[in-house]
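Have the picture open as you read.

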Amino acid sequence: MTRRGRRRVIVGAAIATAIALSILDHAGFFGYRSDDRVRFDGAACRSVRVIDGDTLEIDLPDGEIPTTRIRLRGIDAPEIAHDAQSGDAHYGRDAAAYLAERVMDRGLTIRLDPNRSTRDKYGRLLAYLHVGDEIASLNEKMIVSGRAYADLRFDHVFKTHFVQREAKAERAKVGLWKDVTPEQYPKWRSRLFANAAK
């Protein structure tokens, strides 16, 4: 094969690879959808359903689905039971009620982390939500009020800030911090602190 022929093969392969990567990227293969930032970052919306203290649905479509499910980034609220077999985690109902009180019938603004993927492994949009023109996000308010833990498992732009806000809420014994026991922590948190103690 001539030098010109090899060059054509290499250029053709590079173009084909770039096209394939672009298709996979738009399909969400790499953990996020490249158009999420265009569609959602800075978008105004309203909540149509609160699932628990860190998950809700908003009135913007997500592809063919008429609503978008949002997981509040950087926090982990206590779980609530969605079936008869499991029970609510400590402060789970209170966390969900607190979030519902703040989002229902209120204008919300979505903010996405500029440096991280926009979706979790379940396909939920990972976002910071703001009520009206409020500077502090609902994510932060859930931590400050003691309705959620700062999620230490994943990096994000506000991680250090959220950890500091949690420490302050814990010292003040607000919300769940009033009487939570280590046995009531989320499993990931118990494992994390157990490993740190070794």
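The protein has 6 helices and 8 strands (DSSP runs numbered from the N terminus: H or I of at least four residues for helices, E of at least two for strands). Starting at the N terminus, the order is α-α-β-β-β-β-β-α-β-β-α-β-α-α. This is a predicted model, where local features need pLDDT of at least 70 and side-chain atom pairs count only at pLDDT 80 or more, while totals for chains, interfaces and linings use all residues. Residues are numbered from 1 along each chain as its sequence is written, and side-chain values use heavy atoms, with hydrogens and water left out.

Of the 198 residues, 39% are buried (under 20% relative accessible area; exposed is over 50%, partly exposed in between, with a 1.4 Å probe and protein chains only).

Now look at helix α5, residues 159-172. Which of its residues are buried, and which are exposed?

| Side of α5 | Residues |
|---|---|
| Buried | F162, E166, A169 |
| Exposed | T160, K168, R171, A172 |

Down the axis of α5, the buried residues fall within an arc of 65°, so they line one face of the helix (the arc is taken from the directions from the helix axis to the C-beta atoms). In general, an α-helix has 3.6 residues a turn, so residues three or four places apart point the same way.

Conventions. The expected span of a helix is 1.5 Å times one less than its number of residues.
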